[in-house]
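Visitor: Could you walk me through the aromatic contacts here?
Guide: Gladly; have a look at the model, and then ask away.

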Amino acid sequence: MENPEVTVSSCSAHDDENLCSYKRHSSVSQEALLEDQLRRKLKFFFMNPCEKFWARGRKPWKLGIQLLKIVMVTVQLVVFGLSNQMVVAFKEENTVAFKHLFLKGYMDRMDDTYAVYTQTDVYDQIFFAINQYLQLPNISVGNHAYEKRGAEETPLAVCQQFYKRGIICPGNDTFDIDPEIVTDCLYIEPTTSLHNTTMGKHNLNFTLDFPRLVAVQLMFNLKAINLQTVRHHELPDCYDFTLRIVFDNKAHSGRIKISLDNDIAIRECKDWHVSGSIQKNTHYMMIFDAFVILTCLTSLILCTRSVIKGIWLQREFVSFFLYYYKKEASFSDQMEFVNGWYILIIVSDVLTIVGSTLKMEIQAKSLTSYDVCSILLGISTMLVWLGVIRYLGFFQKYNVRISWDLHVVASHPNTASSITQCNEVLLLCCYDLPGLLLLWMDCTGTIPREVSHSEHGF
């Protein structure tokens, strides 16, 4: 390759720093030397970890950390998933229990068909729920209790919504209605149950004007503690249940649908004491999470350093190409220096660090953000597994396998095949996992060099 004629020029204040460094070298020999140095830098930069080890003896630390990290974050996600499963199960089971407690004649899987059709049934359902609420401490098999605000227990609210004015005569095909909605509420204190009286129309001033009735809502708050986590050596959480029983008569069709909504909030218990080894188990898990954070932080630093080195080399290459060949490097050539796999690993490291920190706060009962923590740890674990696929591409036979797998995953045209795609990705991870250990042994010299080269085509 012929070298173009080089002329001596001075650097202005507006010239690129790398471009100025090349302008200072005016001789052809210096130009050839710079080109050779840059060529060596580029060759070493685009080597895979194994080739870098054989060339300069540099240990593939990033690969080792990724192997360690993929095991740790997977174990962490599984442990947290088992813990979160108890939280989800406790929420669902309490919602089902409340439906059986407060809805008269309720049976499982009848949410869409649960309704009443007569005025008597409407009153029976309302007063049944009220009496069940008042007798809750005596009839519930769970550790449910009334919510307290200060020294007083919060009351149950019975609110009916109706049109402000409504005179409806279907027989005469006439009506006179004011569509403004008016809400009227009645509050019942839990202490009413101390009188051992059953609430009904005879002792509760509550009537419904069905022609104008839009909806009836019963709203009350309950509290509970999830004690099943103690058996799994975890500190329990305190739960706030905001329940709302709705009698929906918006359609005025003769069918009033009944539903129970349960809004659940998890809070830290104010005062607790647990005897035994539960504290030790919590401390062990927090130490493990701290080690995960330390590992991800190390991975984050190494990958960020590699990305920065790539950007520096990119600027040096662009300046050299522009000055000596009078051409600008294309955008696609410049993007070759930006390693997308490193960026993917950096993102996964950040998500893992944040998720692990949240997990430690949850275990210490300082926070209860189970959903946010689940999302962060789940996405980060997925990205960690995807990031490791990069290292599998360094083997010729594994590279063929990955290319075929990704082609199969991308070739499914419709949404109905999404399950097949997920299974294929899982197969990809499980099938190629032994290659990671083989790659580590190859890079570190555990496998003889002659065998590794003949086996993998290096």
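Visitor: Is Phe 80 buried or exposed?
Guide: Phe 80 counts as buried, since its relative accessibility is 5%, where buried means under 20% relative accessible area with a 1.4 Å probe and protein chains only, exposed means over 50%, and partly exposed lies in between. This is a predicted model, in which local features need pLDDT of at least 70 and side-chain atom pairs count only at pLDDT 80 or more, while totals for chains, interfaces and linings use all residues. Residues are numbered from 1 along each chain as its sequence is written, and side-chain values use heavy atoms, with hydrogens and water left out.

Visitor: How many aromatic pairs turn up in the whole structure?
Guide: A search finds twelve aromatic pairs, a pair being rings of Phe, Tyr or Trp (its six-membered ring) with centres within 6.5 Å, called stacked if the planes are under 30 degrees apart, edge-to-face if over 60, and tilted otherwise. One of them is stacked, because the rings of Phe 80 and Tyr 370 have centres 6.3 Å apart and planes at 20 degrees.

Visitor: Which parts does that pair tie together?
Guide: Phe 80 lies in helix H4 (residues 61–102) and Tyr 370 in helix H10 (residues 370–392), so the pair ties together parts 290 residues apart in sequence; helices (H or I, at least four residues) and strands (E, at least two) are DSSP runs numbered from the N terminus.

Visitor: And what about Phe 90 and Tyr 239?
Guide: Phe 90 and Tyr 239 form a tilted pair, 4.7 Å centre to centre with 55 degrees between the planes, and this pair links helix H4 with strand E8 (residues 238–248), 149 residues apart.
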